[in-house]
Structure formats: C-alpha cells, structure tokens
Amino acid sequence: MTRVAGFRTSGQTMNGDGKPSAAATVAGGVHDVYGEDRASEEQIITPWSRTVASGYVLLRDPRYNKGLAFTDDERDYHYVRGLLPPVHMSQELQAKRLMHLIRQYNTPLQKYMALMDLEERNERLFYKLMIDHVEELLPIVYTPTVGEACQKYGTIFRRPQGLYISLKEKGKVHDVLRNWPEKNIKVIVVTDGERILGLGDLGCQGMGIPVGKLALYTALGGIRPSECLPITIDVGTNNEMLLNDEFYIGMRQKRATGQEYDDLLDEFMYAAKQAFGEKVLIQFEDFANHNAFKLLEKYRSTHLVFNDDIQGTASVVLAGLVASLKLTGGTLADHTFLFLGAGEAGTGIAELIALEITKQGKISLNEARKRIWLVDSKGLIVKSRMESLQHFKKSWAHEHEPCKGLLDAVKSIRPTILIGSSGAGRTFTKEVIETVSSFNEKPVILALSNPTSQSECTAEEAYTWSKGRAIFASGSPFDPVSIDGKTFIPGQSNNAYIFPGLGLGLVISGTIRVHEDMLLAASEALAQQVTKQHLDQGLIYPPFRNIRKISAHIAAGVAAKSYELGLATYLPRPADLVAFAESCMYSPIYRNYK
C-alpha cells in the first residue's frame with residue numbers, strides 16, 4: 001500500500017521576496033536554512049508530493065523511515081499506528097540515544113558496523129550523526145577503520161551496498177547499471193580493489209571504500225544520497241588468503257589483466273555515460289599504479305573523471321603546503337621537496353606542486369620539477385636510472401649521484417619539506433627526522449600513508465625528534481602531543497577535505513570535464529580557510545567540525561574555475577557561488593508527512 005505524502009519543511013530562512021536568504025550559512029550544521037533541500041538538482045522543482053510506502057513497508061524504507069519520530073497524525077495516516085511504541089521521540093533525541101549507544105562499543109569496527117546498520121535503517125538519522133559528530137565519526141566511516149572493515153568485509157557482510165560488476169557481467173554492464181533503483185546518479189565511486197589504502201589487494205572486499213567515500217560526499221559535500229552510486233569491478237584477486245577464505249564474497253580467480261581487463265573497464269565507462277549522462281562524475285579509487293595512471297589518462301578527455309589517489313591527495317597536500325608558508329615564509333619555489341614514495345600519490349602531489357610553482361613564479365614546468373625529488377624502493381630517482389623507470393616516474397629523474405636510501409637522500413638533497421606517501425610504516429626514523437631538523441628551523445613533515453599502522457611516523461615521533469619544531473600533518477588522525485609543557489595539535493592531510501567540495505562544485509555547475517586548474521582552485525580555497533588561530537596551534541588544515549562550510553567554499557572555487565574555462569553547462573552563472581553551493585546541500589532533517 002502507498003500514499004502520496006506531502007512534505008512540510010520548518011525552520012526555513014527566507015527573504016521578503018520568498019527566496020532563500022543568502023545570509024544563512026551551513027557552518028557544519030544540519031539546519032535546512034534554504035528550505036526544501038535541492039542538492040544538485042538540475043532545475044527548480046516543487047517537491048510537494050512523493051510516493052511513499054505506508055505501514056510496515058514504510059518502516060523498512062531507510063529513505064523515509066523516521067522511527068519513533070513519526071507523529072500521531074503520521075502514524076494514523078500512514079498506517080503505522082501500533083507498529084511502533086507509543087512514545088514520540090525527536091530526531092535530536094534519537095541522535096543523542098544513538099551516539100550514546102555507539103560510544104559503548106569497545107572497538108572501532110563494532111562502531112563501523114553499527115553505523116552501517118543505521119544507514120540501512122534510517123538514512124537521514126545516519127547523516128545527521130555524521131554531520132553533527134564529524135570529527136568523532138570520520139575515522140570510523142573512513143580511514144583508518146574502513147581499512148579493517150575491507151579486510152573483514154566477507155565476514156561482516158550483511159546487506160549489499162552498491163553495484164558489483166564482475167567478469168560474469170561482460171557484455172551486460174549497461175543492464176547491470178539499469179538494475180540500480182535510482183536513475184538520477186551524479187557521482188560514482190568505483191574501485192577494482194587492487195590497492196586498498198596501504199593494505200594491498202582486497203579484491204571484491206574493497207567495496208567498503210566506495211561506500212565510505214560516498215557517505216562523505218553526502219555528509220561533507222551535501223550530494224544527495226540517492227545521487228551516489230558505489231561500484232566494485234571484480235576481476236578476481238591475487239590475494240591467496242582471500243582466495244582460500246570460505247567467506248570471501250568475490251570471484252575466486254587470479255586477477256584478469258591485459259585486454260580482458262581493459263575491455264571490461266571500457267564497457268563500464270561507456271555504459272555509465274549512456275545510463276547516467278555526460279555529466280556523471282566517475283571517481284577512480286584505489287586502483288593499482290599501473291592501471292590508475294592509464295585509466296585517468298585514457299578517459300579524462302572523454303568523461304568527467306577524477307582519481308582521488310592521484311589528484312585528490314595532491315590537492316589536499318598542496319593546500320597544506322600553501323598554508324604552511326605562513327609559518328615558514330617564502331614561496332613554494334623557495335623550498336626543496338623530497339618524497340618517500342613515487343606511486344600514484346607521490347607523483348600526483350609532485351606534479352600539482354610543480355604546476356602551482358609554475359603558476360606563482362612564472363617559470364617553466366621543467367624548472368619547477370627540478371625542485372622536487374622522489375625516492376622509491378630502489379633509492380633516489382635520478383637520470384642514470386631512466387631506462388628502468390616506469391613512465392610516470394621519468395619526469396622526476398634529475399641529474400644527481402645515486403642514493404640508495406632515504407637517509408642518504410636527505411643528507412644529500414637537504415630538503416625543507418619531507419613528504420611520505422610510501423605506504424611503508426615507520427620509515428621516517430629518528431635519524432631521518434633529526435637530520436632534516438638539523439638544517440631547517442621549521443621542517444615541514446607530512447606522513448601521509450594510511451591507515452595509521454602504515455604512517456611513516458607518528459605525531460609524537462615527529463614533534464619529539466624535531467624538538468617541537470616540526471610542522472606536521474598525517475594521513476590518519478593522531479592525538480595531540482605535549483612536549484615541555486607545550487601542546488601540539490597534529491593536522492590531518494585528509495582527502496575528505498577536498499573530494500566532497502570538488503564533487504559538489506562539479507555537480508552544481510554541470511561541468512563536463514575536470515581540469516587541473518580546478519584542483520589548484522580547490523587547494524587555494526582550502527588553504528584560505530586556515531586562520532591565524534589555527535596556525536598558532538601548529539595546524540595547517542582547518543578543523544573538520546566546519547567541513548560543510550569549507551566544502552561550500554571549495555565548491556564555489558571549483559565552479560568559478562569551471563565557468564572561467566568554459567566547461568560549465570548550467571547557465572547563467574549564479575552571482576554568489578558560495579551561497580548557491582550551500583543552498584544545494586542535502587539536509588538530513590526529517591520531513592513532515594501529511
């Protein structure tokens with residue numbers, strides 16, 4: 001049985017002409033200050049009616065279920081009287097009760113499972129918790145806990161989330177995409193599970209990453225949940241432990257490679273555009289290096305694509321480096337950069353830094369690259385190694401004597417900024433950090449690898465070994481550190497600062513291609529959110545509690561650049577892009593049914 005339910009929205013802030021007030025801000029909260037949320041809608045709609053299931057079915061629909069928040073009138077009108085206890089509980093009280101329950105769990109994985117269950121039961125309450133308690137819950141839904149969840153995904157699997165496209169669906173990918181119940185998809189996050197965080201090949205169990213990323217697209221960037229689609233491409237796994245695990249949920253075969261792999265990915269890419277349109281954003285996530293660069297290069301001119309590991313990581317790191325200049329002084333061109341790790345993240349960050357140096361200093365890209373050095377598993381990347389280097393490393397091979405290890409490279413290159421993207425834990429040793437600190441008053445040290453166990457060093461190690469002089473940030477969160485009576489708050493160089501706002505900016509402007517200048521715009525917008533108060537605490541990133549406001553500014557910067565480049569299709573351009581971005585953000589406040 002169904003009824004047509006009307007929605008009444010309270011708490012709207014309107015101007016005298018009946019339009020939403022641009023003075024209202026999201027500020028990390030959940031109040032629907034612009035009235036009925038219209039996140040990323042292509043046109044103005046009058047959403048006064050929806051078809052909503054009634055009775056028992058309504059209570060099992062996570063999009064509309066409000067649990068004990070149904071009013072007496074709603075319980076009568078939608079036939080749920082008696083299906084719920086008689087008490088009426090506000091959404092605020094529901095959220096308080098749920099957070100109390102989640103905090104009782106002993107392990108992060110238990111909290112993760114509880115949150116995933118809530119999302120499947122009551123979507124709006126899940127996102128209210130995520131928005132109101134973002135700093136507490138982000139490490140649960142995202143890194144580092146999501147890594148453990150992926151490792152154990154077969155064991156904890158309860159209900160399917162997203163689409164699974166395997167080799168069995170070859171030739172039928174478009175049909176599989178049409179099986180998804182939502183048709184107005186704006187953002188797809190897709191993985192093949194070959195390089196999940198720093199944990200390696202997790203095959204089909206990598207689905208936890210697209211699910212987690214898209215939860216953040218909604219909670220942090222305001223993209224409507226119904227417009228998000230997580231996808232795992234299952235071509236097998238080379239992880240023997242998974243192949244021998246009776247609970248493994250993926251194809252039990254070695255990974256397909258070569259033409260077979262390329263054909264399936266090609267079919268998926270064009271089926272996605274056919275099913276959801278030219279402007280659907282496809283984010284590549286946790287592909288291995290050899291496929292990540294190839295896929296990005298192959299489809300960037302024909303699809304709206306973005307690789308978070310290459311481009312998102314680069315953008316958030318660049319923002320931190322730009323903010324750190326307020327502490328170190330000078331420009332990016334005045335610094336010498338040394339990376340440990342020359343994969344997707346390392347080379348992506350290096351390239352975006354070089355582009356920013358070129359933009360700021362009016363020098364050539366090749367000259368900018370000469371300020372940046374990379375160390376891989378075989379040592380410093382130098383010209384004498386050119387013939388054996390993978391293609392994406394060759395731009396970083398400079399004239400220099402070979403250095404076998406990181407410490408030798410630090411002593412020889414004498415970097416002012418040390419960046420770890422190696423996925424190898426505890427590689428920034430005491431001697432490395434002490435050496436960097438010996439010739440820098442304020443060394444910038446970024447230990448970016450995830451999860452926490454793979455971080456190149458801890459916050460405590462960085463601050464202690466540098467005698468409190470390091471400007472430190474990491475990929476995974478660390479607690480504050482006290483040294484000689486002074487407390488240091490480590491920043492988190494988390495991609496979640498960038499990709500939700502970037503995605504929102506692309507969606508609200510109707511952008512058809514991602515341009516590198518949009519990534520620079522996102523970095524600059526994020527860096528501008530770092531205040532003197534943050535810098536005084538040693539932070540080079542703003543607190544996550546204001547992430548929705550931050551995302552709105554990033555979205556505005558990205559959209560502005562898209563309009564400038566002629567890549568935006570939604571015309572005319574809004575006069576106030578920040579206010580427009582805020583107005584497009586999904587709100588998890590319950591709707592009133594009548």
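Predicted model: local features only at pLDDT ≥ 70, side-chain atom pairs only at ≥ 80, totals over all residues.

Q: Is Arg195 buried, exposed or partly exposed?
A: The cut-offs are under 20% for buried and over 50% for exposed. Arg195 has a relative accessible area of 25%, so this residue is partly exposed.

Q: Which residue forms a salt bridge with Arg195, the closest N and O atoms being 3.1 Å apart?
A: A salt bridge here needs a Lys or Arg side-chain nitrogen within 4 Å of an Asp or Glu carboxyl oxygen. Arg195 sits in the loop between strand E5 and helix H10, and its partner lies in helix H15, so the pair ties together parts 149 residues apart in sequence. With the closest N and O atoms 3.1 Å apart, the partner is Glu344.

Q: Which residues are linked with Arg195 in a network of salt bridges?
A: By the 4 Å rule, the count for the structure comes to 36 salt bridges. In the network with Arg195 you'll find Asp286, Asp309 and Glu344.

Q: How many residues apart are Lys213 and Glu285?
A: Their side chains meet in a salt bridge, 3.3 Å from N to O. Lys213 counts as buried at 2% relative accessibility, and Glu285 is buried with a relative accessible area of 2%. Lys213 is in helix H10 and Glu285 is in the loop between strand E7 and helix H13, which puts them apart by 72 residues.

Q: How many disulfides does the structure hold?
A: A disulfide needs two cysteine sulfur atoms within 2.5 Å. Take Cys584, which counts as buried at 2% relative accessibility: its sulfur is 14 Å from the closest cysteine sulfur, in Cys228, too far for a bond. For the structure, the number of disulfides is zero.

Q: What is the bridge partner of Val444 in E14?
A: Strands E13 and E14 pair in the parallel sense over four bridges. Ile471 and Ala473 point one way from E14, while Phe472 and Ser474 point the other way, and all are buried. The bridge partner of Val444 in E14 is Ile471.

Q: Which helix does the chain pass through from E13 to E14?
A: This is a β-α-β crossover, and a right-handed one. The helix covers residues 459-465, and its name is H19.

Key: Residues numbered from 1 in each chain as written. Heavy atoms only, no water. Buried < 20%, exposed > 50% of the residue type's maximum accessible area, 1.4 Å probe, protein only. Helix = DSSP H or I, 4+ residues; strand = E, 2+ residues; numbered from the N terminus. Pairing = 2+ DSSP bridges. Right-handed = clockwise from strand over helix to strand, strands pointing away.
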